[in-house]
Amino acid sequence: MIQPIYLYGSEVLRRKAEPADLSDKEGIRALVKDLKDTLANADGCGLAAPQIGVSKRVVIVDATGMEENYPYLDGFKRTLINPVIVSESERLCEYNEGCLSIPGIYADVRRPESMTVEYYNEDLEKVTETFDRFGCRMIQHELSHLDGDLFTDHVAPIRKKMIGKKLQNIAHGRVSARYSTKLK
């Protein structure tokens, strides 16, 4: 079911998410379906459970439609349940990021170039996988949500100052988006 996406300023986005209960297979299945439906409706490339008001360690990424710019992402879709970062590269790279919880704001963010993550997939099978390039970036961005971190926390101080008024407007509900939003 399509859920509203919580906006910047919502308390759930700043909370460290709790692990998903792997014994609750139906609950996890329903949460993943809600995340997929909501992401498809919002036309984004990733979504974390806290963004739909559920403080659980579950994220999805879907690079459908990005293959033209990033051919290596053809078919790249992942569901990560209770992900744990095993390692990250020391080498950093910079990409321009945006977020469905912070509509209309984009900024360059430096993050590790690659990382290895251990997680459970949709079938609740344990997986260890190494990600790089933009696939890594999408997952890093979503995993940050699980720790109450937003991409705007990682922008250069001058950029943060430049977007400060826009962030305040979002936190007060003065924003428009093409998808359903919520502020709480």
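1. I begin in the sheet, where Leu 47 has Ile 60 of E3 as its bridge partner, and where Ile 60 in turn has Thr 79 of E4 as its bridge partner. The names follow DSSP runs numbered from the N terminus, with helices (H or I) of at least four residues and strands (E) of at least two. E2 and E3 pair in the antiparallel sense over three bridges, while E3 and E4 pair in the antiparallel sense over five bridges; two strands are said to pair if DSSP finds at least two bridges between them.

2. A word on provenance: this is a predicted model, in which local features need pLDDT of at least 70 and side-chain atom pairs count only at pLDDT 80 or more, whereas totals for chains, interfaces and linings use all residues. Residues are numbered from 1 along each chain as its sequence is written, and side-chain values use heavy atoms, with hydrogens and water left out.

3. The sheet as a whole is open and antiparallel, with five strands in the order E2-E3-E4-E7-E8. E2 and E8 (126-132) stand at its edges with a single partner strand each, so one side of each has no neighbour in the sheet. Direction ignored, neighbouring strands are turned by 40 degrees against each other on average; the axes behind such angles are lines fitted to C-alpha atoms, for helices over the stretch in contact, and angles run from 0 to 180 degrees between N-to-C directions.

4. E3 itself is mostly covered, since four of its five residues are buried, where buried means under 20% relative accessible area, exposed over 50% and partly exposed in between (1.4 Å probe, protein chains only).

5. The buried residues of H1 are Ile 28, Leu 31, Val 32, Asp 34, Leu 35, Thr 38, Leu 39 and Ala 42. Seen down the axis, these buried residues fall within an arc of 160 degrees, so they line one face of the helix; the arc is that of the directions from the helix axis to the C-beta atoms. Exposed Glu 26 and Ala 40 are carried on the face turned away from the buried side.

6. The cover over the buried residues of H1 includes strands E1 (5-6), E2 (46-48), E3 (58-62) and E4 (77-88). Ala 42, in H1, counts as buried because its relative accessibility is 0%. Not counting residues up to four places away in sequence, Ala 42 touches Ile 5, Leu 100, Arg 178 and Tyr 179, contact meaning heavy atoms within 4.5 Å.

7. Leu 73, in the loop between E3 and E4, counts as buried at 2% relative accessibility. Leaving aside neighbours within four places in sequence, Leu 73 is in contact with Ala 63, Glu 67, Phe 134, Gly 135 and Met 138. Leu 73 and Gly 135 are 62 residues apart in sequence, yet 6.9 Å apart in space, C-alpha to C-alpha.

8. Please also look at the backbone at a few places. Most residues other than glycine have a negative phi. Asn 82, which is not a glycine, has a positive phi of about 50 degrees; Asn 82 lies in strand E4 and counts as buried at 15% relative accessibility. Leu 124, in the loop between E7 and E8, has a positive phi near 60 degrees, and Asp 43, which follows H1, also has a positive phi, near 60 degrees.

9. Finally, H3 (residues 157-171) has a kink of about 50 degrees centred on Ile 163, the bend at a residue being the angle between axes fitted to the seven residues ending there and the seven starting there. The buried residues of H3 are Ile 163, Leu 167 and Ile 170, and what covers them includes strand E6 (102-112).
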